[in-house]
Amino acid sequence: MEEIYSEHELCRDGDVLQLLPRQVCERLGVFPVAEENDMLVVAMADPADLPVIDELTRVTGMKIHPAKAGLDVIKRGILRYYGDEMEEMESALAGPTQTAAASGFAGLTDAAPAVGAVDALLEAAARERASDIHIEPHARKLLVRLRVDSVMYDHMTLPIEYHASISSRLKILARLDIAEKRLPQDGRFEGRFNGHPFDVRVSTVPSVFGETVALRMLPKYSSMRRLRDLGLDADHLELMEDIVRRPYGMMLAAGPTGSGKTTTLYAALMKIDRISKNCITIEEPVEYQLPRVTQIQVHPKIGLTFAAGLRHILRQDPDVVMVGEIRDPETMQMAIQSALTGHLLFSTLHCNDAAGAPVRLMDMGAEPFLVASSMSAVIAQRLVRRICEKCKESHHPAPALLGRLGITDPNPVFYRGRGCDNCRGTGYRGMIAVFEMLTIEDTLRAAIVRKAPASDIRRLAREAGCRSLRDDGIRKAREGVTSIEEVLRAVYIES
């Protein structure tokens, strides 16, 4: 029987909320999950309660498939999907609401109904610790989703009629053209939500049913992470500290978008003596302000690209340079030349693992001997969710899961979160990175010069003692920092 641990897992299909009134759900202690194969999946504290199942059959006229969920999870689900937040947004959209100044948008005087609705949404996102908000129009509904600890959740479903007013309000805040609905647009605004100041980045993209709006929530005054706070094990921390002490060379952070690469580079910059050295960055965007570091934000519309900015940075007598991303051949060539001419250069690169970084640079047109000479280290990483400390418990994963990760121990003990109020029933709270650190030594330099494939570089790295992302993930799962399921979700790479 299916078991549901979190209210985030409850509402898989917002349309089924129409099948069971809120009063029935509260009276019976149930929640409609989804309609599958002409049956209504209903979360119940006691799936064997036949009178409740009979009552649900009578009310809905459908066959009932019970799923087990804690009563606290069901109650939170009723509040989330039937309750307060949706009622607040719907009432805000239905008539006049508070002024913009009262809703937290200082300096804006538009008192349209959408002001309160957008304010309620932003407050809820900040309260949930969401990094992103997605507002997605569909044929008959408007779906709002949040990304919390790197995982997307359905937050609420609204009538599609509310889409125009919500998207227009966000465009006004971000100073975008509200009349332009055919082309993508990007903007930003600042606000204070749930008691904390945020910089909110807004992106709109036209879709079949209207404009999709994505918002990135950036806390303005977040404390900077130090190297020892990133989740580096003792051997990785020692390697990292050695890398940042080097006077020159290129260190790359590799991984997909949202894997924490920029945070790692910021932590590396914080470790450097910024009093005796001149540190300059060029980023898109500047996410955090670093003391005693000159930070430049790219502006492609006026010609300030990564490559152009880096060219001028080198005339500013820098010791340490950070380039937000190597994404084109010109930036790559400038970065390599910087590392070869006595500068310590940090940057990020999109590739799957550390062994793929030198091959990626060569695919972009770099000469193999220049890559081998300039590159000093590659750090590949992924973010995994931390197990909630309040509800952590040991468990034995299914043999199939262990087999996929190559774990052959008899009866190995791992950990998971049972789900509680502290983690809102998810079993996880917060994030931590898992790492693969590849230092470029003579053997690897020779392999790069002869244009060896990534598989050969990966094999040589393993022979030299480089721990893979998968191995570091398993190590953290054994220590109870994360779960084996998270390792499979985020960091499993075939080797």
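Helix H2 is followed by Gly61, whose phi is positive, near 70°. The model described here is a predicted one.

- Helix H2 spans residues 50-60, and its buried residues are Val52, Ile53, Glu55, Leu56 and Thr60.
- These residues lie on the same side of H2, because they cover an arc of only 160° around the axis.
- On the other side of H2, the exposed residues are Leu50, Pro51, Asp54 and Arg58.
- The cover over the buried residues of H2 includes one helix, H1 (22-28). It also includes strand S2 (30-36), strand S3 (39-44) and strand S4 (63-69).

**The four-stranded sheet**

- Four strands form an open sheet in the order S1-S4-S3-S2, and their pairing is mixed.
- S1 and S2 are the edge strands of this sheet, as each pairs on one side only.
- Strands S2 and S3 are paired in the antiparallel sense, over six bridges.
- Within this part of the sheet, Val30 stands opposite Met44, which belongs to S3.
- In a regular strand, the side chains alternate between the two faces of the sheet.

- Strand S6 (residues 141-148) pairs with strand S7 (residues 151-159) in the antiparallel sense, over eight bridges.
- Arg147 has Met152 in S7 as its bridge partner.
- The two strands S6 and S7 form a hairpin, with two residues between them.
- Asp149, in the turn of this hairpin, has a positive phi of about 50°.

**Aromatic rings and charges**

- A pair of aromatic rings is described by the distance of the centres and the angle of the planes.
- One aromatic pair is found in a search of the whole structure.
- The pair consists of Phe193 and Phe198, with ring centres 6.2 Å apart and planes at 35°, so it is classed as tilted.
- Both Phe193 and Phe198 are buried.
- Arg385 places its charged end over the ring of Tyr428, at 4.0 Å from the ring centre.
- Lys392 lies over the face of Tyr415, 6.0 Å from the centre of that ring.

**Cysteines**

- Zero disulfides are found in a search of the whole structure.
- Cys351 takes part in no disulfide, and the nearest cysteine sulfur, that of Cys466, is 13 Å away.
- For Cys466, the closest cysteine sulfur is that of Cys351, and the distance of 13 Å is too far for a bond.
- Cys351 counts as buried because its relative accessibility is 12%, and the cut-off for buried is under 20%.
- Cys466 also counts as buried, because its relative accessibility is 12%.

**Gly14, a buried loop residue**

- Gly14 lies in the loop between strand S1 (3-4) and helix H1.
- With a relative accessible area of 11%, Gly14 is buried.
- Apart from its neighbours within four places in sequence, Gly14 is in contact with Lys141 and Thr157.
- Gly14 and Asp154 are 140 residues apart along the chain, while their C-alpha atoms are separated by 8.9 Å.

**Glu128, a buried loop residue**

- Glu128 is located in the loop that joins helix H5 (114-127) and strand S5 (130-137).
- Glu128 counts as buried because its relative accessibility is 6%.
- When its neighbours within four places in sequence are left aside, Glu128 is in contact with His8, Arg80, Leu146, Val148 and Arg424.

**Leu405, a buried loop residue**

- Leu405 is found in the loop between helix H13 (399-404) and strand S18 (414-417).
- Leu405 counts as buried because its relative accessibility is 3%.
- The C-alpha atoms of Leu405 and Arg467 are separated by 14 Å, and the two residues are 62 residues apart along the chain.

Key:
Residues are numbered from 1 along each chain as its sequence is written. This is a predicted model: local features need pLDDT of at least 70, side-chain atom pairs count only at pLDDT 80 or more; totals for chains, interfaces and linings use all residues. Side-chain values use heavy atoms; hydrogens and water are left out. Buried means under 20% relative accessible area, exposed over 50%, partly exposed in between (1.4 Å probe, protein chains only). The arc is that of the directions from the helix axis to the C-beta atoms. Contact means heavy atoms within 4.5 Å. Two strands pair if DSSP finds at least two bridges between them. Rings of Phe, Tyr and Trp (its six-membered ring) pair if their centres lie within 6.5 Å; planes under 30 degrees apart count as stacked, over 60 as edge-to-face and the rest as tilted. A charge sits over a ring if NZ of Lys or CZ of Arg is within 6 Å of the ring centre and within 35 degrees of the ring normal. A disulfide is a pair of cysteine sulfur atoms within 2.5 Å.
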